[in-house]
Amino acid sequence: MIDVVVDIILLTFLATTSIAIMRINNLFAIVMLFGIFSLLSAGLFVVMDAPDVAFTEAAVGAGISTVLMLATLALVKRKKEPYYDEAPQTHTAWLPLIVVIVTGSALVYGTWDIPSFGSPDAPSQTHVARFYLENSMLDTGVPNTVTAVLASYRGFDTLGEVTVIFTAAVAVLLLIGGKRPKPALKAKDEEGQDEA
Amino acid sequence: MKPNLILHVIAKFIIPLILLFALYVQFHGDFGPGGGFQAGVIFSAAIILYSLVFGLENAEKIIPHHWLRILASLGVVIYAGVGIESLFLGGNYLDYTFLGSNQIAGQHLGILLVELGVGITVASAMLILFFAFAGRGRE
């Protein structure tokens, strides 16, 4: 019962946050709202008994990516008014509304066939999940099945993920990392001229 | 940046707790929720908080850039090295069974080492990303 109440509250906040993100023009406020959105999703994951996912969402979504987006905002701060005008609308407001209503009702229609949350007959429970739950303790001696699957059964996948993260760091270093020689040289030259 | 007393005091109080929590998530990941990825992100979040409050230069003194690059590669090397070690001991690649005296001990050791590699790489990769973006703004 309490789960349902918490779910409804969190989902209401989620919807409010997304509407606010759509309507606000201030990028700084939008980045902050993105962080709040991630934190609310992390709360939803906790309610759904997925603390591992909630951890990741709270740390990466609400923490690191907010900081990275703020750092990017500081770099690309708009100094002048935009030099372009917004393109004139070529259609009425009814067209997007109809598209949204049709898509939304198709999605709602799709949820009718989804098995209810935590149902033991759900296809995701009857495939390999049962094998892991029954055997992971015997095979690895690790009580946390998520860790057993990630690090042992699917160790090869996780190696790939780590390599992806490493590659991302290398790519960022190559693109914007390190010192930028030209402005530094200029500054030195100017200092030299001042002294001279 | 103007020094803010309240921020400094709170950050000094919170950062050790975040680091400790990251280590807990790292090494208790077998038993509780969490694991290398989450621990690495939480660890890097503590240092990012430090550099937000105390300035980028001070944070770079704690972990110099060339260390971060070595550490990011070291994590991948630990992970792949565990796989190669299990090859040498007679198993398949990343089959930890032969790392210990029995299957459970081997799996435990293997998972611990592999998670350690994940944690090191994720923490240093996140810090590399942050320092690259934040260092770009100061000129």
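Let's start with one residue, B:Val41. Leaving aside residues up to four places away in sequence, B:Val41 touches A:Ala59, A:Val60 and A:Ile64 in chain A, and B:Val122 and B:Met126 in chain B. Keep in mind that this is a predicted model.

Where does B:Val41 sit? It is found in helix α2 of chain B, residues 36–54. Buried or exposed? B:Val41 has 1% relative accessibility. Buried means under 20%, so B:Val41 counts as buried. Now take B:Ile70. B:Val41 and B:Ile70 are 29 residues apart in sequence. In space, their C-alpha atoms are 18 Å apart.

On to chain A, and a pair of helices. Helix α1 of chain A covers residues 2–23, and helix α2 of chain A covers residues 27–47. Their axes come within 10 Å. They cross at roughly 160°. Angles over 145 degrees count as roughly antiparallel, so that is how α1(A) and α2(A) lie to each other. The crossing is left-handed.

Which residues meet there? From α1(A), they include A:Val6, A:Leu10, A:Phe13 and A:Ile21. From α2(A), they include A:Ile30, A:Phe34, A:Phe37 and A:Val47. A:Asp3 and A:Asp7 of α1(A) also take part. By class, the contact of α1(A) with α2(A) has 15 nonpolar, 4 polar and 2 charged residues.

How is chain A divided? Domain 1 spans 1–77, and domain 2 spans 122–180. Taken over C-alpha atoms, the centres of domain 1 and domain 2 of chain A are separated by 24 Å.

Conventions:
Residues are numbered from 1 along each chain as its sequence is written. Chains are lettered from A and ligands numbered from 1 in the order in which they are written. This is a predicted model: local features need pLDDT of at least 70, side-chain atom pairs count only at pLDDT 80 or more; totals for chains, interfaces and linings use all residues. Side-chain values use heavy atoms; hydrogens and water are left out. Helices (H or I, at least four residues) and strands (E, at least two) are DSSP runs, numbered from the N terminus. Buried means under 20% relative accessible area, exposed over 50%, partly exposed in between (1.4 Å probe, protein chains only). Contact means heavy atoms within 4.5 Å. Axes are lines fitted to C-alpha atoms, for helices over the stretch in contact, and angles run from 0 to 180 degrees between N-to-C directions. Angles under 35 degrees count as roughly parallel, over 145 as roughly antiparallel, 65 to 115 as roughly perpendicular and the rest as oblique. A crossing is left-handed if the near helix is turned anticlockwise from the far one by less than a right angle, and right-handed if clockwise. Ala, Val, Leu, Ile, Met, Phe, Trp, Tyr, Cys and Pro count as nonpolar, Asp, Glu, Lys and Arg as charged, and the others, Gly among them, as polar. Domain bounds come from an automatic or database domain assignment.
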